[in-house]
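Colleague: I'm new to reading protein models. Please walk me through one, feature by feature.

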Amino acid sequence: MKIYASDEGRVQMTAAAFAKGLLALEGELTPILVQMVKSANTNGLLDNDCDSSKYQNMAKARLHESMQQDRDFTPEDRAKINPCGALSISAAMDFVKNPVRCCERVHSLIRRLMDIVRTKRDDPKTKDAILYHGETWELMGRRWGKIEKDFCTKNANTFDISKIPDIYDCIKYDLQHNQHTLQFEHAEELYVNAKYLADIVIPQEYGLTKQEKLTIGQGICTPLLKKIRADLQRNIEESGEETVNRLNPRYSHGVSSPGRHVRTRLYFTSESHVHSLLTVLRYGGLINELKDEQWRRAMEYVSMVSELNYMSQIVVMLYEDPTKDPSSEERFHVELHFSPGVNCCVQKNLPPGPGFRPHSRNDSVGSKNLKLSSMEYADEEEEDEEAAAGKKLEGKMSDNAEKQKKTEDEEEELTLEDDLNVKETAEEETPEESAEDEVDDA
């Protein structure tokens with residue numbers, strides 16, 4: 001296993017904390033960071049490529065112009081701001097209606113919040129109140145004061161929409177950690193308005209049209225894409241006789257395939273890389289949505305996701321079926337998994353995932369030879385399958401046989417969970433492997 005992180009301090013500490021939990025390590029994060037997390041700053045693997053900045057600036061300028069119209073969004077505005085038809089952006093525009101009026105409301109609520117902060121700062125009863133991480137009322141006032149000043153221009157006729165993400169981050173932070181002390185009755189209203197504005201602004205800063213999104217996405221994450229492809233290709237081409245470390249037998253109880261090895265690469269980076277990688281996977285023409293129902297449902301879910309939060313993740317998993325011919329296309333398959341990360345304390349009604357069921361799950365031979373499932377299936381699909389199975393077996397199985405079948409199904413599901421528990425098993429590499437990785441990294 002190898003762990004890479006961008007140069008940003010909080011990203012590196014997140015990588016170290018994740019490694020500590022994953023490997024059940026003990027001690028402080030700093031030694032773990034030094035020993036296990038590789039900085040990816042030498043080749044731009046996880047840091048932004050400035051070549052895409054000019055295209056981002058062009059997209060931001062057009063977005064800023066469209067968001068300064070003091071009227072309800074027209075069909076023309078919607079087509080201009082959301083040409084790809086993202087469901088989350090469409091829902092946000094339905095809520096915002098008039099972008100200027102919504103920005104004015106946000107600005108007004110910020111000023112009310114600042115009045116409360118000043119009052120509590122000067123009140124002897126509350127001036128010594130403890131805020132999150134030792135922040136004082138003075139520092140909170142400066143934080144919001146700068147945002148209020150930068151958000152609204154001097155002539156008060158236009159708003160700098162590039163500050164909307166900062167407003168959203170700040171109110172989410174205070175609502176999560178300081179609301180019990182701040183006691184701002186309009187905090188949730190400010191949060192909701194800022195969130196819907198951010199749902200429009202943040203994703204569209206990475207391009208409005210599909211071509212713009214791809215151009216910006218490729219400019220940001222091309223080095224990472226090349227590294228991922230090299231990782232996958234290397235695993236496909238490696239020799240079957242390769243000497244590797246296996247799972248210690250003492251820890252393999254209940255594991256259905258303790259003899260296999262898993263090579264793991266973890267990449268920790270900023271939101272811009274996750275946005276860009278998701279864009280390339282979504283619009284890069286991997287699969288035709290019209291011909292693949294599962295991919296269509298997955299892309300519909302991604303379209304409904306309004307933001308990428310802390311610990312958002314994209315997982316690329318390569319599986320091998322050793323029962324297939326080495327030259328067959330069925331020998332390997334790749335699965336893509338996505339999570340938008342954690343929730344805030346407000347509006348936790350996130351869109352439900354579409355579920356996942358590999359094609360081979362329906363193949364009785366394949367399911368016996370290879371465990372392919374790596375996500376929980378959607379409840380609806382499970383219920384449908386159980387109902388179909390029940391109808392098929394009705395009248396052909398005795399009560400005892402049905403109980404036995406249920407027991408076997410439960411044992412199979414437990415086996416799948418056991419497979420998941422070891423999918424991230426770390427391994428040591430041979431000197432030759434390490435040398436090859438260093439060439440890839442260079």
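Modeller: Let's start with burial: a residue is buried under 20% relative accessible area, exposed over 50%, and partly exposed in between (1.4 Å probe, with only protein chains counted). This is a predicted model, so local features need pLDDT of at least 70 and side-chain atom pairs count only at pLDDT 80 or more, while totals for chains, interfaces and linings use all residues. Residues are numbered from 1 along each chain as its sequence is written, and side-chain values use heavy atoms, with hydrogens and water left out.

Colleague: What share of the 442 residues in the chain is buried?

Modeller: Buried residues make up 38% of them. The chain also exposes about 25500 Å², and carbon and sulfur atoms supply 51% of that area. Such areas come from the Shrake-Rupley method with a 1.4 Å probe, and for residues only the protein chains shown count as cover.

Colleague: How many helices and strands are in the chain?

Modeller: Helices are DSSP runs of H or I with at least four residues, strands are runs of E with at least two, and both are numbered from the N terminus. This chain has 17 helices and five strands. As for contacts (heavy atoms within 4.5 Å), take those between residues at least 6 apart in sequence: 72% of them join residues at least 24 apart.

Colleague: Now salt bridges. How many does a search of the whole structure find?

Modeller: A salt bridge is a side-chain nitrogen of Lys or Arg within 4 Å of a carboxyl oxygen of Asp or Glu. The search finds 22. One of them joins the side chains of R62 and E212, at 2.3 Å from N to O. This pair links distant parts of the chain: R62 sits in helix α3 (residues 53–66) and E212 in helix α11 (residues 210–237), 150 residues apart. R62 is partly exposed because its relative accessible area is 29%, and E212, at 22%, is partly exposed too.

Colleague: Where do R105 and E189 lie, if they meet in a salt bridge?

Modeller: Their side chains meet at 2.7 Å, N to O. R105 is in helix α6 (residues 99–122) and E189 in helix α10 (residues 187–204), 84 residues apart, so this pair links distant parts of the chain. R105 has 27% relative accessibility and counts as partly exposed; E189 is partly exposed at 29%.

Colleague: And which helix holds both E300 and R296?

Modeller: Both lie in α13, four residues apart, which is about one turn of the helix. E300 is partly exposed, with a relative accessible area of 36%, and R296 counts as partly exposed at 31%. Elsewhere, salt bridges that share partners join R121, D122, E138 and R142 into one network.

Colleague: How do I read aromatic pairs?

Modeller: A pair of aromatic rings is described by the distance of the centres and the angle of the planes. Rings of Phe, Tyr and Trp (its six-membered ring) pair if their centres lie within 6.5 Å; planes under 30 degrees apart are stacked, over 60 edge-to-face, and the rest tilted. This structure holds seven aromatic pairs. F95 and Y196 have ring centres 4.3 Å apart and planes at 25°, so the pair is stacked. F95 lies in helix α5 (residues 87–96) and Y196 in helix α10, so the pair ties together parts 101 residues apart in sequence. F95 counts as partly exposed at 34% relative accessibility, whereas Y196 is buried at 19%.

Colleague: Is the pair of Y168 and Y191 stacked or tilted?

Modeller: Tilted: the centres are 5.5 Å apart, with 40° between the planes. Y168 lies in helix α8 and Y191 in helix α10, so this pair ties together parts 23 residues apart in sequence. Y168 and Y191 are both buried.

Colleague: Last one: which residues make the nonpolar surface patch?

Modeller: L286, I287, V316, V334 and L336 make a patch of about 380 Å². Patches use residues with over 30% relative accessible area and no salt bridge, joining like charges within 9 Å and nonpolar side chains (Val, Leu, Ile, Met, Phe, Trp, Tyr) within 5 Å. I287 sits in the loop between α12 (271–283) and α13 (293–304), and is partly exposed because its relative accessible area is 37%.
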